[in-house]
Amino acid sequence: MSAFAILLISCQDQLGIAAKVTSFLAKYEGNIVDIDQHVEDNKYFMRVKWSLTEFGLQRHEIKEKFELEVAKTLSKTEIHLYFTDAKPKMAIFVSKASHCLFDILARQDAYQIEIPLIISNHQVLEPIAKAFGIPFFYLPITKENKAEMEQKQLELLKKHQVDFVVLARYMQILSEALICKFPNKIINIHHSFLPAFPGAKPYHQAFNRGVKIIGATSHYVTTKLDEGPIIEQDVARVSHSDSIKELIRQGKDLEKIVLSRAIYNHVNRKIITYKNKTFVF
């Protein structure tokens with residue numbers, strides 16, 4: 001497969017940024033295959049992807065050359081460079097619900113990722129991990145041992161060189177210490193009833209209120225519970241004739257597809273976060 005480079009750029013907006021970036025790539029015979037940009041609050045954001053087949057720089061030279069020839073002419077610049085043939089390593093956290101886990105494992109080849117481990121606070125889904133040949137770590141969490149279990153989680157993530165984490169219906173609140181180790185690298189999925197129907201049995205609450213749409217939201221995890229930058233959302237229409245069981249079924253389907261899109265966008269470096277929102281190119 002052909003290899004490509006992806007550069008994510010953010011800086012203060014000024015005249016000619018796109019010209020400077022594209023001229024740099026043209027200088028070294030970089031064939032651009034995808035480029036997008038956005039301006040907000042006088043800040044400029046860009047995602048550019050180009051082929052490495054004929055590119056005139058070695059991979060280890062690109063960032064340094066770009067900083068020297070382009071970034072230094074800009075203001076308040078932040079850049080991130082990625083290569084499409086480098087498979088990121090993703091850890092999955094689960095509890096008892098299996099639908100998102102099954103969906104992720106079925107799509108892992110399409111994502112072009114490695115899944116070195118699955119971590120859970122229950123043993124219910126261990127047979128699924130074994131069926132897919134993925135190491136499963138059971139770390140039961142109580143109020144008394146939460147700090148100890150999270151330290152073990154961090155040790156496992158470090159040992160397996162995990163790049164990002166997906167909470168596939170993991171029913172535990174992560175500590176600030178763990179979240180800060182993976183800024184904008186922990187993806188969560190949940191129903192979109194918040195803040196209207198918080199707490200237990202949201203679909204039952206929604207049914208009793210006669211909702212006309214249900215949905216799912218995937219976002220990056222921050223220290224503010226369920227308030228991180230939103231990556232992907234979707235909805236489905238429902239009616240009074242739908243039972244609670246049917247609402248839950250449709251909700252699970254939405255959760256799977258919304259989480260899948262979020263993972264795909266993250267893996268393909270399509271996301272830039274700004275304040276508490278995302279730009280998905």
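How many bridges join β8 to strand β9 (residues 186–191)? In this predicted model, in which local features need pLDDT of at least 70 and side-chain atom pairs count only at pLDDT 80 or more, totals for chains, interfaces and linings use all residues. Residues are numbered from 1 along each chain as its sequence is written, and side-chain values use heavy atoms, with hydrogens and water left out.

Strands β8 and β9 run parallel and are joined by 3 bridges, where helices (H or I, at least four residues) and strands (E, at least two) are DSSP runs numbered from the N terminus, and two strands pair if DSSP finds at least two bridges between them. Strand β8 also pairs with strand β5 (residues 89–94), in the parallel sense and over 4 bridges. Val166 takes part in both pairings, as the bridge partner of Ile92 and of Ile187 in β9. Together with helix α6 (residues 176–181), β8 and β9 make a right-handed β-α-β unit; a crossover is right-handed if, with the strands pointing away from the viewer, the path from the first strand over the helix to the second runs clockwise.

In a regular strand the side chains alternate between the two faces of the sheet. Within β8 (residues 164–167), Phe164 and Val166 point one way, whereas Val165 and Leu167 point the other way, and all are buried (buried means under 20% relative accessible area, exposed over 50% and partly exposed in between, with a 1.4 Å probe and protein chains only).

A search of the whole structure finds 10 aromatic pairs, the rings of Phe, Tyr and Trp (its six-membered ring) being paired if their centres lie within 6.5 Å, with planes under 30 degrees apart counted as stacked, over 60 as edge-to-face and the rest as tilted. In one of these, the ring centres of Phe24 and Phe66 are 5.3 Å apart and the planes lie at 85°, so the pair is edge-to-face. This pair links distant parts of the chain, since Phe24 belongs to helix α1 (residues 17–27) and Phe66 to helix α2 (residues 59–69), 42 residues apart. Phe24 counts as buried at 3% relative accessibility, and Phe66 likewise counts as buried at 1%. The rings of Trp50 and Phe55, with centres 5.6 Å apart and planes at 55°, form a tilted pair; Trp50 is buried, with a relative accessible area of 1%, and Phe55 is buried at 9%. Phe24, Tyr28, Trp50, Phe55 and Phe66 form one aromatic cluster.

Charged side chains were also examined against aromatic rings, a charge sitting over a ring if NZ of Lys or CZ of Arg is within 6 Å of the ring centre and within 35 degrees of the ring normal. Lys49 lies over the face of Phe4, at 5.1 Å from the ring centre, and Arg59 lies over the face of Phe83, at 4.8 Å from the ring centre.

For helix α8 (residues 244–267), the 24 residues should span 34 Å at 1.5 Å a residue, which agrees with the 34 Å between its end C-alpha atoms; the expected span is 1.5 Å times one less than the number of residues. Helix α8 is followed by Arg269, whose phi is positive, near 55°.

With a disulfide defined as a pair of cysteine sulfur atoms within 2.5 Å, the count comes to 0. Cys11 is buried, with a relative accessible area of 0%, and Cys100 is buried at 1%. By contrast, Val39, in strand β2 (residues 32–40), is partly exposed, with a relative accessible area of 43%.
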